[in-house]
Amino acid sequence: MSKNSSNLVPDAREALEKFKMETASEVGVNLKQGYNGDLTSRQAGSIGGQMVKKMIEKYENDLKNGNR
């Protein structure tokens, strides 16, 4: 995780890590715990891009359902 992740509360950090691992699996990237410097920029970007897409979809669904 990035340097900024140290500012997260422990529960949020764990949830974000789980979300990242699940998303990596969905896009077919073999992500492991710890160092992943062997990933290509395309692989890393596909994980982050898919995470953002899912977060936006959830936010839009929450808006439609009056949860925000």
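The following legends describe close-up views of a predicted model.

Local features are reported at pLDDT of at least 70 and side-chain atom pairs only at pLDDT 80 or more, whereas totals for chains, interfaces and linings use all residues. Residues are numbered from 1 along each chain as its sequence is written, and side-chain values use heavy atoms, with hydrogens and water left out.

**Figure 1. Overview of the protein chain.** The protein chain has two helices and zero strands; helices (H or I, at least four residues) and strands (E, at least two) are DSSP runs, numbered from the N terminus. Of its 68 residues, 19% count as buried, where buried means under 20% relative accessible area, exposed over 50%, and partly exposed in between (1.4 Å probe, protein chains only). The accessible surface comes to about 5,400 Å², and carbon and sulfur atoms hold 52% of that area; areas come from the Shrake-Rupley method with a 1.4 Å probe, and for residues only the protein chains shown count as cover. Among contacts (heavy atoms within 4.5 Å) with a separation of 6 or more, 29% join residues 24 or more positions apart.

**Figure 2. The largest nonpolar core.** Seven residues make up this core: Phe19, Ala24, Val29, Leu31, Leu39, Ile47 and Met51. The elements giving two or more residues to it are α1 (10-26) and α2 (41-64). A nonpolar core is a set of buried Ala, Val, Leu, Ile, Met, Phe, Trp, Tyr and Cys residues joined through side-chain atoms within 4.5 Å. Leaving aside residues up to four places away in sequence, Met51 touches Leu16, Phe19, Lys20 and Thr23.

Figure 3. With 24 residues, α2 reaches 34 Å from its first C-alpha to its last, close to the 34 Å expected at 1.5 Å a residue; the expected span is 1.5 Å times one less than the number of residues. Ile47, Met51 and Asp62 are the buried residues of α2, and these pack against α1. Just after α2, Gly66 adopts a positive phi of about 70 degrees.

**Figure 4. A nonpolar surface patch.** Val52, Met55 and Ile56 form this patch, with about 260 Å² of accessible area together. Patches are made of residues with over 30% relative accessible area and no salt bridge; like charges are joined within 9 Å, and nonpolar side chains (Val, Leu, Ile, Met, Phe, Trp, Tyr) within 5 Å. Met55 is placed in helix α2 and counts as partly exposed because its relative accessibility is 45%.

Figure 5. Side chains of opposite charge can pair when their charged atoms come close. A salt bridge is a side-chain nitrogen of Lys or Arg within 4 Å of a carboxyl oxygen of Asp or Glu, and by this rule the count comes to five. In one of them, Lys20 pairs with Glu17, the closest N and O atoms being 3.4 Å apart. Lys20 and Glu17 are three residues apart in helix α1, so about one helical turn separates them. Glu17 counts as buried, at 16% relative accessibility. Lys58 forms a salt bridge with Asp62, with the closest N and O atoms 2.9 Å apart. Both residues lie in helix α2, four residues apart, about one turn of the helix. Asp62 is buried, with a relative accessible area of 11%.

**Figure 6. A salt bridge between the helices.** Lys54 forms a salt bridge with Glu26, and their closest N and O atoms are 3.0 Å apart. This pair links distant parts of the chain, Lys54 in helix α2 and Glu26 in helix α1, 28 residues apart. At 22% relative accessibility, Lys54 counts as partly exposed.
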